[in-house]
Each structure stands twice: as structure tokens, then as C-alpha cells.
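The following paragraphs lead the reader through a structure of paired protein chains. Please keep the sequence and the model at hand while reading.

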Amino acid sequence: MRPPPETATPPNKRITLRKRESRAGLVFLSPTLLVVIVVVILPILWTILLAFQDIKLVDIQDAGLFGRYTLGNFASVFSSPGFWSSLVTTLIYTVGSTGLSIGVGTVAALALRRPFRGRSLVRGTMLLPYVAPVVAVTFVWQVMLNPQFGIINQWGTRLLGWDEPIAFLTQRATDVSVLGMEVEIPVALLTVIAFEGWRYFPFAFLFLLARLQAVPGTLEEAALVDGATPTQRFRHVLLPQLGPVLALLVVLRFIMTFNKFDDVFLLTGGSAGTDVVSVRVYEYLTSRFDVGAASAQALVLAVVLVVFVGIYLRFLAPSADKES
Amino acid sequence: MSRIGVENRLFAVLRWVVIVGLVLATVVPFYYMVLLSIRSIDEVLQHPGRLWVPLSELTVSAYRAVLSPVDSGGQGMLVLLRNSLVVSLAAVVLTLLVSIPGSYAVSRLRFAGRRQVHFLFLAVYLFPTILLAIPLFVMFTRMGLRGSLAGLVIVYIAQTVPVSVYMLRNYLSTIPESIEEAAAIDGCNRLQTVWRVTLPLAAPAVMTTALYVFMIAWNEFLFALLFLVEDRSSWTVSLGLAQLAGGIEVPKTVLTAGAVVLTLPVVILFFMAERMLTEGLTSGADKG
């Protein structure tokens, strides 16, 4: 009796479906892996090597993989005058921006939960700061905050009675008297943090809104029946539901803000107390052409980041692991 | 009055305050951007604080200045627009070509090292982009690709492939395997199944990813700065605006016209597909 004709004929009928799947998996994955390895992994590894070499940009053209290895770069990085303060600045900037963007995102998600007329249009406009090109929005902010003709200062001096315009982006710090004490406020840094909160709150808003809308209505109704006030409902019903998403958002925004270059560079160029480490790396590369030191700084940045994220994941938010 | 009564009323009001506040905060900068671009520079210097300008004083001269070619005294942004368009479209096509098979593999197929690969894609994001910039700069200089748009496209797809794989994988894992099994029973080999069955079903996610990649490529600044800055005719629009804004000769009204020209394509694309973007970016977040 002839066996029924095969519809899909494999070359060798003894290959199991599982093995075929495995082979297909690797074949399908190879272009992706190739791109990622060549354009991402290899350069990272090379940078790590560069960090241990005493090398300038002109040397690199000829240098191979095996120059002289030295820890000199790290020594000069750690002992260079602005390094530790820039690390602190980066941390303040990252923590502030992450907190602000997630906070505003939460408020926005809570406010837009229930339907109202025009809600989809409003939801669309919420995403504008995130979607628009970085160059355009930083430029607009610079113009708006300009001491001579920016509208913020115009309104401030005319309507709010300021004595003189505030140089939001170029002033390092100013003393403000609070309750009789002189407090030093880092103006430019706070402005940059405010910008980050504005630009990235839609990211948190999107995630949180999606999560809020997936919360079963019965939970809140039960709380209502028990007589819970809105704040109580938030603290005891909504917040636990949002917990994993919030943890995920904190990790994501922390990583992305810590590594961010464009925003600070375009707003202030790293001056006036906003010298975050990524801008310093750029400076080392383009003005001193010291590739070794630039790589060392970038490497230190990456290590610090990994340490912080590791600490966070380990101790503060074990549930974040389950989310991914 | 009871606490719940007070709170309900307070939050009802607060909710509207927040909504109005958020809308103002997000829209005013863009409104200001457009407004500045259609006013004349003298009028701006006289009344910097105005938010509403009589129609008779509006002008589009800034746009003419920004778009006309450099030889005629303009800023030549049309050329830059073309560059950005080419780079972004190429990035979209290449990213999809590379990440669709990859995400399919990661979501569907069980193979050795699957978990490690998944972790690898996420770990790539821990590294600052500036860490990549140095060796890529050198590599591309040696290969002669540094000033070319092609080199830039390669750099972009390096950044977008991990995210695309992640986004596509999330969506693909919601497509039931039984559909693909049915196609296999009907005689499709794997490639045919993907092309005829899985991809059409994943169309929303593919569109969303395409939009996201376009947005990233169009808005990108750092690598455009590092790679293209030497030859003005190869600048992208992002780089062009940043370079012009850094100087002093170009009036602010012309610059804001440039900013509007830079922003408009992305905003239009985005509004056209807002619903898809919202669902696509967060499709992994709700576990309810």
C-alpha cells in the first residue's frame, strides 16, 4: 500500500519537528544577531579595550587591537577635577527626572482614566512632547526661557513682578531665602530636570494608563461599597495594581536618563552645573581627542549604572523581574 | 461634610484642573513655536510676550528663508529634508527586514540559547550610546563610511533592532499557534506560514514598529552630529537645525520655522496612527 503523498516534503523524514523548529529558529535569528553583534556588541567590547589603552584619535587609525595596556586612563579619570561632581550631578539629574516624569505620568493617567468628551484628542496631545524631535523642543524651550525676549521671563517680569529676568539655562545657582534661611538653588539643573519631566512623562503616562484600564472594575466597586474615599481607593486598590508597572518604569527611565546625551547637550551644553557624565565623554572625545580617557569615562558610567540597577532590582523591587 | 464627600468634590475639580494644565503645558510650546515662525522679526522684538497676533502682521517669509537653497541665500532645508526622509525610510525597511524574523524566532521557536538571546537584546540598552559612538566612529572612518548616509542608517538600525524585536515579540506571542499549525497542515512551509498568515495578523504591530523606528531615525541627533557634520549637504534636518541654532546669524523666527519644518512630518504621522501607537507600545503592560 502506497503511503499517502506528503504535502510538505522535508528532505529527510527523520528530522523531528522539534529539531526543525530549532534549526529554523537559528536561521531566522541570524540576521538579527549578526546586526546586533557587529554594530553593537563588537563596538562595546572595543570600547572596553580602548579604555585600557593610552591612545588618541590620530593613533587609532593605525592601532590594532593590541596596543599598550595601562590603567592610566582610569587614574586620570578618577582624579580629574570635575569627575566626581559630574557623577553626583548625573545622579541628581537622573533621580529627579525619573521621579518627576513618573509622578506627572501617574497624575495624568489618573486624570484621563474616565472617558470624557474629547478624551482621545487630549490623550493624543499628551504624547506630543515625547514624539517631537529633540532638537526642535530643546530649541523652543531655549527661546521660551531666554532672558531677553523669552515669554516666560516676559510674563514673569510684567505679570508676576519679578525684579529681573531669570537666566534659566545659564545660571548655575541662586540664593533664595526660605523661612529666613538662605538656600542655594541650582537653577540650570532644575530647569533641565523640569524639561526631562515634561518630555518623558508621556512614556510613563502610556504605560500607566494601559495598566489602569486593565484593572478590573469590581475591585474598585468593592472598595466603594465599603465606603472608601478616593485617596483610600488609590492607596489600597490602585497603587498595588500599579506596583509592577511603576517598578518597571523606574528602571527603564533611570537607565535611559542616566545615559542621555542629546537633551542636556542641546539645552545647556553641559555648562552651569549641568555637566552630566555623557556630555563629559563627548567633550573628551571632541575637544581633547583623548579616546582612551573618553572610553574609560563611558565605561565607568556603564558600570555605575549596572550597579545601581542591580541594587534596585535586588533589594527594592523583586517583582520587576517577573514583569520582563 | 463627610470626608468622602469633600474628597469626591475636590478630586472632581482637581481632575479638570490637571487636564487643562497638562494640555496647556504640552501644547503651548508648540503653539509658540508655530507662532514665532509666522511673525516678522521686528514685530517679535517689539512685543516679545504676545501670544495672539493680529492676522495682518503674519508672514511666511521665515519659511521661504529656511527652505530655499543656500545659493539663493536661504538655509537649504529642502535638501536636508530629503536626507532625513531617505535615512528614516531606509532605517524602517532595514530594521523590519532584520527584526521580523528575529522576533518570530524569539517568540515562537524553541532553540538553544533562546533565553540568553532575549537577555542579550535587553542588556544592549544598559550601555550609553556614547559608548558605541567612539568605535563606530573609527570603524566607519576606516571603511570610508563616515560621512555617508548609509553609515548612519547602519548605526540607526543597531539602535532600533532590539526595541523592534521586543515590541514585535510581545505582539506575536498573542497570536495563537493553532493558526500557524492549521496553515502547516494545509501545506505551508514555515516561510510561507510567516508570510501569508502571521504577518498579516501582526500588521498593527508591524505598523507601530515602523512608525516608532521612523520617529527614532528622524529625531536622532548624536550620531548625525558625529558622522555627518563635515559635509553640509549630507546633514539631516535634526542636525541642520541644531547647527543653525548654535550660530548667531540666523534670526530666531527663521530658526523656529526650521523647527516647525522638522517637527511637522513626525507629528502628522503620529496623529495619523495614534491609536495604534498607544496600543502597540504598551501591549505587554496590562496583565489584567
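V135(A) is buried, with a relative accessible area of 2%; buried means under 20% relative accessible area, exposed over 50%, and partly exposed in between, with a 1.4 Å probe and protein chains only. The residue V135(A) belongs to helix α7 (residues 134-144) of chain A, where helices (H or I, at least four residues) and strands (E, at least two) are DSSP runs numbered from the N terminus. Leaving aside residues up to four places away in sequence, V135(A) touches L266(A) as well as F221(B), S238(B), L241(B), A242(B) and L262(B); contact means heavy atoms within 4.5 Å. From V135(A) to E164(A) the distance is 28 Å, C-alpha to C-alpha, and the two are 29 residues apart in sequence.

The model is predicted, so local features need pLDDT of at least 70 and side-chain atom pairs count only at pLDDT 80 or more, whereas totals for chains, interfaces and linings use all residues. Residues are numbered from 1 along each chain as its sequence is written, chains are lettered from A and ligands numbered from 1 in the order in which they are written, and side-chain values use heavy atoms, with hydrogens and water left out.

Chain A as a whole may be considered next. Its 324 residues include 51% that count as buried, and its secondary structure comprises 15 helices and 2 strands. Among the contacts in chain A with a separation of 6 or more, 62% are between residues 24 or more positions apart. The accessible surface of chain A is about 15,800 Å², with 65% of it belonging to carbon and sulfur atoms; such areas come from the Shrake-Rupley method with a 1.4 Å probe, and for residues only the protein chains shown count as cover.

E220(A) forms a salt bridge with R113(A), in which the closest N and O atoms are 2.5 Å apart. Because E220(A) lies in helix α10 (residues 217-225) of chain A and R113(A) in the loop between α4 (83-111) and α5 (119-126) of chain A, this pair ties together parts that are 107 residues apart in sequence. R113(A) is buried, with a relative accessible area of 15%, and E220(A) is buried too, at 10%.

E220(A) also meets R233(A) in a salt bridge, at 3.6 Å from N to O. This pair links distant parts of the chain, with E220(A) in helix α10 and R233(A) in helix α11 (residues 230-258) of chain A, 13 residues apart. Together, R113(A), E220(A) and R233(A) are linked in a network of salt bridges.

In it, 96 residues of chain B are in contact with 95 residues of chain A. The two chains bury about 8,700 Å² between them, 79% of it on carbon and sulfur atoms; buried area is the accessible area (1.4 Å probe) that two parts lose on being put together, summed over both. Across this interface the rule finds 0 salt bridges. Helix α1 (residues 3-37) of chain B gives the most to the side of chain B that touches chain A, with 19 residues.

Methods. Salt bridge = Lys/Arg side-chain N within 4 Å of Asp/Glu carboxyl O.
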